[in-house]
Amino acid sequence: PPPPPPPPPVHNAASVKQPPTIVKQSVKDYIVDPRDNIIIECEAKGNPVPTFTWRRNGKFFNIGKDPRVTMRKRSGTLEIGFRSGGRPEDYEGEYQCFAENDLGIALSNKILLRVSKAPLWPKEVLEPVLVTEGSPLVLTCNPPPGLPPPFTFWMNSGMTPIPQDKRVSMGVNGDLYFSNVMAQDAHTDYSCNARFLFTHTIQQKNPFTLKVQTNTPYNETSYNASDPYGGRKVAETTPTFLSPSGTESSKMVLRDEKLLLECIAAGLPTPTIKWFKKGGDLPGRKVKFENFNKTLKIVSVSEEDAGSYVCMANNRLGSIRHTIFVEVKAAPYWLDKPTDLVLAPDENGRLVCRANGNPKPTIQWLVNGQLIESSPPNPSRQVLGDTIIFRSVQMGSSAVYQCNASNQHGYLLANAFVSVLDLPPRMLGPKNQLIKVIENNRTFLDCPFFGSPLPELRWFKNGQGSGLDGGQYRVYINGTLEIKRARVEDEGTYTCVASNILGTAENQVRLEVKEPTRIVRAPEHESAVRGSTVLFNCKVKSDPSLPVTVTWTKDDKVLHLGWRLKKDDESLTITNVHEGDEGTYTCTAKSEIDQDSASARLTVLDRPDPPMDLDLSDLLARSVRLTWIPGNDHRSSIKEFLVQFEEDRWEPGRWQNLSTYPGDLNSVILQLAPFVNYQFRVIAINSVGQSQPSRPSPRYRTSGAAPDAIPKDLRGWGSMKDNMEITWERNGPDLQYDVWWRRKDTGEEWNNVTTEGTKHVVHPTNTYVPYEVKIRARNEFGPGPESNLVIGYSGEDKPTDAPTDLRVSKVESTKVNIHWKSVDPDSVLGEFKEYRLYYWRESSMVPGLVVDKEKKTRGFYSTTSEPSAVLTDLVPYSKYKMFMVVANNRFESPPSNTVELNTKEGVPDTPRFFRINRRNLDTLYLEWDKPLEPNGILIGYQLKYLTVNGSRVGRPHLETFFPNATDFTLRLPDRSTRYKFFLSALTQVGAGEVYAVESPHFANEAYIDQVDIATQGWFIGLMCAIALIILILLIVCFIKRSRGGKYPVRDKKDLPLDSVDQKDPEGSFDYHSDEDNKPLQGSQTSLDGNVKESDDSLVDYGEGGDGQFNEDGSFIGQYTVKKDKDETEGNESSEATSPVNAIYSLA
């Protein structure tokens, strides 16, 4: 990084003397405007304050004798005024300023003052320029030599610029070059114009007039870009150079100036210019090509740009080259500029003045404005070329030395003083300064000082240790201490001490390190719909000890808050957004030592403005071109335009949608209906919504015409076996239709009919034969276009042949392969649709299982002679029957032979239900029911269970049961243990689908673990109350019994009361529905499992709500089995709901 700025200059201390130093002066080549006063600047500093004198053209300029010349106070700047007369030209010349005080004299550059001139163009009469078509031409400009030179350009007498291109262009010297002349070049005149920069005036040369001679007469209408000569024979020529001439030329350019190389060639066709550099490549970064590649430009030339540059002009007849030798010279430029020198008595020093240039400049030394050779001798001074050495300087030898480096291209002049002082150290900056810096930033602690001899400076922290220098510290020669990366531990008081042989001086700087101010949640770009609310975030984190202000600007201007724009600590809210809110919003968080900012763009979206200026053109009988100008899209591009129409005949005043068009169109052709008086409007649609409709277009009435549309949806089909209905859609009002039909591929003549309807029936026809059909619409103006041929068919009949030899193979549990022989296609008597298989489940091979015998169908499409297919989704262990028919669109054939098959045994379905009851604290009671579809003979059940505790599971346990088992009791080792159970039914094939349940959390578990509920008083009281209620109910039952007599249920229903699960003599399990095996409603199950007859109907107590009494009071029960699965699962208790059972359950 660059060093910090130097401390304040020495002259800030009033007692320190300093020789004069020039601080401001006019440029060496000074051109002034004659209309203004002339001001020649010369400012200098020093102590004592310098006095100023001037020389003009090498002689003393006596300002006091010239009333027009004044010198500004405390300055050497001259001001020359001409209010009282006089000519600025009289003051042209070379001026030099001298600034002098007791310690020496400083000199300014020699300022060449010249007055700007804008001379008039010489009067001349220009004869018309006669030129042959295809020849080259140069129109010279020769502008008057102004000061500075004018800027030239070409225009015609109508003040229109002359268009320039590869063929016609202006050269660097201002001339207008034609590589070849064309006849149309004579259509205008050509005038060179000169614009003078200081006077801001333009002078115009008398115009040139061209007369172009052609071989044949020129016809303006015959010109086109591809044949500019209109078919005339114009001789082609090889390239020749118009500028520069010959094959070689040279050019000298000064270092750091602009290099322009130009090559303009004549020829027909117009030559192309290319550039090369001998011995190397063109410097790509510096070189620019201008004026259609005719000019090579290098803005800032250096010595390596010297060399030979080649331009090549070529067309299809040949090529030529021109070499330009570029020589780079240089006015003097500094290598080592002399600097001011402050020495103490008996000290040594040196002034160095090194410069370079081409040719090499000569170095000349002056002291106080005089050649050093002619100045009084100084024994402590020795001149060695570009260096002056001082040894053991003494007080009183202060002076200002000038170094002049010059060659033939210019000069350099530098002042450097040598000041001999004897001063103890002193501090020049403020005392005990407080510096606050952001953590991890580089910081500088300034300690400007002065003394002679030059004091030595050292820094200390908190008054301890050795001097700070090295590591993350760096001390500059001007006294500044750099801390490369400030940290919290760098806080403290820093002391700088300056010392020389005459004494010491010190100063202190206190450093505080702060956290940076940062925006941690910045605003983000927003696109908002007009009228909505937008929120820009700006959350700031900063050092707690630094107050931070947050300001918002919009487009770099202060944002004025109000009822719509509200700011809080972390955001800016804009409500009811409108277009004026659009812009870039910047949040700036600023403390006294740093700041952070973040910006976001708000784009306000709105519905587009309605289209404007609807215009109708290209008016035809059935179409019109509609053109419009889109409205403002409000920053959401238009996606599409909706064109609507309104007509005044059928629905006047109702606007209807006509069509939509892409958003990049604004001119469309609308297809219209005849006899309608239209007007149109357009709606623009963008992502926000629809615009308001445009203003309606003028009305346009379409005239009558023959139909131009073909009726749609033409088809022929048979509604009966001996007809064909030809139908179509109506495509307009007041139309008739010409319909043609004939048998396909028979060569018979067309039959036709004209009708106003949309249907015609052809009768009689053969069954399912193809017809060719076509149609056209007609009205009073004539017929419309004919449709393409459509193939229609007459009606279908019932197929005569049935599929044969239906058989099956590879019978599995759920699928089977079927085979059959196909029918003759002619027997289908219609379009072949499919072979349709009817199949149904005749019965289950599981004893006692009732099945649904609903017929199902499956279609197969095949054209082979002996097709086969796979029938899936069958139920295992079942008897199926099937037959097949062939079908067309309307009918089916007679059935094939019927096939019976038995599917193989499979794995069972899940149990019908599986639930968990907790009857006491230490056991779980599990219940389930048989699967609805056993898919075979059940051989038992398999129960897997394991403990669960969150995501951890215990070791699995396995239990197996006989097929008639439907419950299981599990004793809990721990009352809080939870289990997960997996139950599946088994057949010989394997285990069926698993039914999984998890033991629930019981609401009173935690309480049960702590208190034995059976010992609680409230529980004992509740049980006594329930027992009392049951006793009362029993008394009521016995009273009813004594009144109604005994009516045994067995006498009323001729049903066997078998045990719940019975086995056949062979020991196999007989599969019955669970409801079939339950005791009858009103009966009671004994403790040994047998069914006892009930002495009375318990309709009032049990579930037999559908029961009735007959005339003698006997009970007529509904002993039907409920088959509904949901009802079965809802009846969760396997015990009768009599009062006795209630007592048993409580026990």
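1. A starting point for the strands: two of them pair if DSSP finds at least two bridges between them. Helices (H or I, at least four residues) and strands (E, at least two) are DSSP runs, numbered from the N terminus. With that in hand, β13 is joined to strand β16 (residues 176-178) by three bridges, and the two run antiparallel. Within this pairing, leucine 139 has leucine 176 of β16 as its bridge partner.

2. A word on the model before going further. This is a predicted model, in which local features need pLDDT of at least 70 and side-chain atom pairs count only at pLDDT 80 or more, while totals for chains, interfaces and linings use all residues. Residues are numbered from 1 along each chain as its sequence is written, and side-chain values use heavy atoms, with hydrogens and water left out.

3. Back to the sheet around β16. Three strands form an open sheet in the order β13-β16-β15, with antiparallel pairing. β13 (137-139) and β15 (168-170) are the edge strands, and each pairs on one side only. From one strand to the next, the twist averages 20°; the axes behind such angles are lines fitted to C-alpha atoms, for helices over the stretch in contact, and the angles run from 0 to 180 degrees between N-to-C directions.

4. Another open sheet has three strands in the order β22-β26-β25, again with antiparallel pairing. β22 (259-262) and β25 (287-290) stand at the edges with a single partner strand each, so one side of each has no neighbour in the sheet. Here too the twist averages 20° from one strand to the next. Four bridges connect β22 with strand β26 (residues 295-298) in the antiparallel sense, and leucine 261 stands opposite leucine 296 in β26.

5. Now the disulfides (a pair of cysteine sulfur atoms within 2.5 Å). The structure holds six of them. Counting bonded cysteines along the chain, they follow the pattern 1-2, 3-4, 5-6, 7-8, 9-10, 11-12.

6. One of these disulfides joins cysteine 42 to cysteine 97, with an S to S distance of 2.1 Å. The link of cysteine 42 and cysteine 97 is left-handed, at -75° about the S-S bond. This pair links distant parts of the chain, 55 residues apart: cysteine 42 is in strand β4 (residues 42-47) and cysteine 97 in strand β9 (residues 93-101). Cysteine 42 and cysteine 97 are buried, a word that means under 20% relative accessible area, with exposed being over 50% and partly exposed in between (1.4 Å probe, protein chains only).

7. Cysteine 263 and cysteine 311 are also joined by a disulfide, S to S 1.8 Å, and their link is left-handed with -65° about the S-S bond.

8. Cysteine 538 and cysteine 587 form a disulfide with sulfur atoms 1.7 Å apart, left-handed at -50° about the S-S bond. Cysteine 538 counts as buried at 1% relative accessibility, and cysteine 587 does at 0%.

9. What about the aromatic rings? Rings of Phe, Tyr and Trp (its six-membered ring) pair if their centres lie within 6.5 Å; planes under 30 degrees apart count as stacked, over 60 as edge-to-face and the rest as tilted. The structure holds 30 aromatic pairs. Among them, tryptophan 54 and tyrosine 95 have ring centres 6.5 Å apart and planes at 75°, so this pair is edge-to-face. Tryptophan 54 is in strand β5 (residues 51-56) and tyrosine 95 in strand β9, so the pair ties together parts 41 residues apart in sequence. Tyrosine 95 is buried, with a relative accessible area of 0%. Its ring also pairs with that of phenylalanine 61, with centres 5.8 Å apart and planes at 75°, so that pair is edge-to-face.

10. Finally, residues 1018-1039 are where UniProt places the feature "transmembrane region" (unreviewed entry). UniProt positions are given in the numbering used here, feature names are shortened, and annotations may be inferred rather than shown by experiment. In the model, residues 1018-1039 are 100% helix and 0% strand, with the end C-alpha atoms 32 Å apart.
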